[in-house]
Amino acid sequence: MQDHSSLTEHLRTLKERPGVASDQLRNLLEYWAARHDSAASIRLLQTLVLKYASAEKDLYRLNRELLAKQERIEEDLAAAAEIQRSLLPRKPGDYGPLEIEWMFQPSAQIGGDIFNLIRLADHLWAIYTLDISGHGVPAAMVAVSVYQALQPGSNFVSRPDARVAQGESPQRPAEVLKALDAGYPFERFSNFFTMVYLILDTAARTLTYSNAGHPRPVLLRRDGRVKLLKRGGPFIGLFGIRLPEADDGFMEEQVAFSPGDKLFLYTDGLNEYMDPDGEMFGNQRLHALLKDHSAESVSAIIAAVRAAWLDFGRGAPPADDVTLVGIELKA
């Protein structure tokens with residue numbers, strides 16, 4: 001305001017003087033305009049600096065909060081991975097006439113793979129492998145819940161039986177899957193899972209199983225013949241969602257399991273593993289490896305598959321947990 005009054009006074013004075021050139025008036029106006037523009041620019045710059053400083057503070061605060069959240073997520077994933085590893089069977093362990101070996105490679109995101117061997121009696125073993133849909137802590141916690149539900153003596157694993165000395169008998173594999181299907185509905189847990197559950201009788205030399213949408217276990221006969229265990233039913237957790245007319249329940253099959261026979265169970269993280277070019281490891285490659293090494297021990301076969309898997313991947317990290325379990329009935 002003061003600059004405007006001063007300019008008006010100067011213009012009035014110049015007009016009253018005779019012989020004042022228009023160039024002088026123009027110069028005065030240009031000077032005043034330049035001075036005015038400079039002051040406005042300075043004020044604008046000050047405003048922008050203050051706004052930038054405030055935005056930078058907000059950005060720094062948000063970045064710190066994001067880093068803290070990421071650190072908590074990584075801590076949760078590390079804890080979930082540790083819990084997952086702690087549930088694996090002990091190696092070495094007392095497995096009687098069975099030779100057991102496995103490979104387990106958790107993904108960076110943590111999946112829901114779990115497997116276990118449960119000794120039900122001197123000659124009876126329950127064996128299962130399952131894979132929860134999804135990744136992260138939620139999938140891992142559902143896997144832990146199922147693991148706890150399948151502890152020896154639970155209603156999922158055993159049923160009362162007054163005809164035997166111990167007072168209980170193993171649940172049939174199809175009944176185990178049926179009970180889990182009812183107990184873990186998708187609408188409650190927001191996850192479904194695939195699973196294969198087996199009862200191995202080392203005295204009768206039989207294997208009874210039921211497969212709930214899981215990759216088909218490979219039964220490798222002593223003579224090199226291969227049988228895929230595919231009898232079963234749908235994914236676990238779809239009870240109440242499936243159409244009644246489309247629901248045949250869970251079926252099971254009993255097959256011979258003789259000395260020298262080998263059984264391999266795995267999750268889809270193995271056969272669906274991709275190399276850097278996007279090619280999948282695949283069932284065909286896995287089955288060929290198992291057959292090519294059929295004369296070797298379970299431990300040697302697992303080692304051969306692991307070496308081929310690592311060579312195939314060329315360092316690509318697995319997008320899902322990778323599980324392979326091998327079992328052989330020794331003579």
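1. In this predicted model, strand E3 (residues 124-132) and E6 run antiparallel and are joined by nine bridges.

2. How many of the nine residues of E6 are buried? Nine of nine are, so the strand counts as mostly covered. In a regular strand the side chains alternate between the two faces of the sheet. For E6, both faces are covered: Phe193, Met195, Tyr197, Ile199 and Asp201 are buried on one side, and Thr194, Val196, Leu198 and Leu200 on the other.

3. Helix H4 (residues 173-183) has Pro173, Ala174, Val176, Leu177, Leu180 and Asp181 buried. These residues lie on the same side of H4, because they cover an arc of only 160° around the axis. The buried residues of H4 pack against strand E6 (193-201), strand E7 (206-212) and helix H3 (136-149).

4. Asn116 belongs to strand E2 (residues 112-121). Is Asn116 buried or exposed? Its relative accessible area is 9%, which is under the 20% limit, so Asn116 is buried. Apart from neighbours within four places in sequence, the residues in contact with Asn116 are Pro89, Ala126, Ile127, Tyr128 and Tyr147.

Definitions and conventions. Residues are numbered from 1 along each chain as its sequence is written. This is a predicted model: local features need pLDDT of at least 70, side-chain atom pairs count only at pLDDT 80 or more; totals for chains, interfaces and linings use all residues. Side-chain values use heavy atoms; hydrogens and water are left out. Buried means under 20% relative accessible area, exposed over 50%, partly exposed in between (1.4 Å probe, protein chains only). Helices (H or I, at least four residues) and strands (E, at least two) are DSSP runs, numbered from the N terminus. The arc is that of the directions from the helix axis to the C-beta atoms. Contact means heavy atoms within 4.5 Å. Two strands pair if DSSP finds at least two bridges between them.
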